[in-house]
Amino acid sequence: MKRLMFYCQHILGMGHLVRSMEIVRGLTKDFQICFINGGEIIKEFEFPAGVEIINLPAIKTDSEFEELQVVDDIFSLTEAKEIRKNQLLKIFDQFQPDILMIELFPFGRRRFSFELIPLLERAKSNRSSTKVVSSLRDIVVTKQHKQAKHEEKVCSLINQYFDLLLVHGDPEFVPLEETFSRVSDLKCAVHYTGYVVQEPPMHPVLTDEEKELINSDKPLILVSVGGGRFGHELLDCVVKTAPWLEKKLPHNIQVFTGPFMPEDKFNQLQAMARDSKNIRIGRYTPYLLSYMKKAELSISMSGYNTTMNVLTTGVRAMILPFTGNQDREQTIRAENLSDLGVVKLLNPNDLQPDYLALKIINYLEYQPNKISFDFAGIEKTAALLKNLAVKQKVA
């Protein structure tokens, strides 16, 4: 069986980890996989059986992406960087992958060049026959005034180290050229895979409370903000809106704050919701898709995975894009879907309890448009990697 080493670094949210793990889940039949997680460990996160998981000393960032920070205080950032670099090289030498797959880099995560460039050098050395693949979401972060310099560096790194670029999107919806103008200058093969979507769990292990909520005759409003390091203003407003909605709607409201929400903020939200009988505050569930299939309305940010869940379930959705660090990724995705009549776009001015309550009530009467995208991202990724592994063997 061919060996695949998959590097994933999530630093703010958990979207990169979720998408990467769905891809990995689809590769387990054909590859022996060593998955490298460089971000904070999520205790309840479910990994597929048979995949070797190696957690590097975890690194995260602040909400504006201004500085890298170690998650634990065991090492300084300088020490963690050196340990991670050496650990990656050791894993590569021991595992000897046929394919090295790196999520997002070099379109993002360039501050991790301290460990990725040595790893890529090792993969492309004369003694290695490893093929190198970049795994990229549909929309990349633009660098505003530094875009030309950024794109020049991306082209240089791709052309020096990578054999294949996989874009996990549908060019009929958002072509890569919309956020990266120099696709034609990339010398490696470039393939769109379609969107990577989550499958509902076969045997979810639900608590009695979760079963009661999902199986209830009462309709459900689902509220989520991904990892939980941002989106707090949306959750604040929803909790304050709950008493208004309690008088008008029979709905239950389930809020998931995300595993990375600070403890004091989580406790504050629970305290704010204490007197409302129609709302529950939870941290994280691996079964968000089960809730979304039940929901009459989803209120969320517009990250890749949550948006895919919205599209595959067909749930009504109100979406507030994340705009920190002048990042337009979520805005582009949300505006395009809003223009197609698929979702309701929210903006910060909408976050007033009485106004949001009215928008929710009105939107529950609306039937969103259904749009068909290419959702075969997992299957096409697997086929492309299998083909690459065959070429590697012939070479």
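Because the model is predicted, local features need pLDDT of at least 70 and side-chain atom pairs count only at pLDDT 80 or more, while totals for chains, interfaces and linings use all residues. Residues are numbered from 1 along each chain as its sequence is written, and side-chain values use heavy atoms, with hydrogens and water left out.

Helices and strands are taken from DSSP runs and numbered from the N terminus (helices: H or I, at least four residues; strands: E, at least two). Two strands pair if DSSP finds at least two bridges between them. Strand β1 covers residues 2–8 and runs parallel to β2, with seven bridges between them. Within this pairing, Y7 stands opposite I36 of β2. A crossover is right-handed if, with the strands pointing away from the viewer, the path from the first strand over the helix to the second runs clockwise.

Strand β2 spans residues 31–37, and six of its seven residues are buried. Buried means under 20% relative accessible area, exposed means over 50%, and partly exposed lies in between (1.4 Å probe, protein chains only). β2 also pairs with strand β3 (residues 52–55), again in the parallel sense, over four bridges. Here C34 has E52 in β3 as its bridge partner.

A six-stranded open sheet has the order β12-β11-β10-β13-β14-β15, with parallel pairing. β12 (279–282) and β15 (344–345) each have a single partner strand, so they stand at the edges and one side of each is left without a neighbour in the sheet. Strand β11 (residues 252–256) pairs with β12 over four bridges in the parallel sense. I253 stands opposite I279 of β12 in this pair. Between β11 and β12 the chain passes through helix α7 (residues 263–272), and this β-α-β crossover is right-handed. Strands β13 (residues 297–300) and β14 (residues 316–319) are also parallel and share four bridges. There, I299 stands opposite M318 of β14.

In soluble globular proteins, nonpolar side chains tend to be buried together. A nonpolar core is a set of buried Ala, Val, Leu, Ile, Met, Phe, Trp, Tyr and Cys residues joined through side-chain atoms within 4.5 Å. The largest one has 59 residues, and L4 and L385 have the most contacts inside it. Helix α12 (residues 377–394) gives the most to this core, with six residues. Contact means heavy atoms within 4.5 Å. Leaving out residues up to four places away in sequence, L4 touches several residues, including L27, F31, I33, F95 and L385. A second, separate core has 39 residues, among them I11, L104, F105 and L116.

Aromatic rings were compared next. Rings of Phe, Tyr and Trp (its six-membered ring) pair if their centres lie within 6.5 Å; planes under 30 degrees apart count as stacked, over 60 as edge-to-face and the rest as tilted. The count comes to 13 aromatic pairs. The rings of F35 and F47 have centres 6.5 Å apart and planes at 50 degrees, so this pair is tilted. F35 lies in strand β2 and F47 in the loop between β2 and β3, so the pair ties together parts twelve residues apart in sequence. F35 is buried at 0% relative accessible area, whereas F47 is partly exposed at 31%. The rings of Y195 and F373 have centres 6.3 Å apart and planes at 70 degrees, so this pair is edge-to-face. Y195 is in the loop between β9 (189–192) and α5 (208–215), and F373 is in the loop between α11 (353–363) and α12, 178 residues apart. Y195 is buried at 0% relative accessible area, and F373 is buried at 11%.

The loop between β6 (99–103) and α3 (113–123) contains P106. The peptide bond from F105 to P106 is cis, with omega near 5 degrees. L104 lies in this loop too, with a positive phi near 80 degrees. L104 is buried, at 6% relative accessibility. R109 is also found there, and its phi is positive at about 65 degrees although R109 is not a glycine.

The structure holds zero disulfides (pairs of cysteine sulfur atoms within 2.5 Å). For C188, the nearest cysteine sulfur is that of C155, 9.8 Å away. C188 is buried at 10% relative accessibility.
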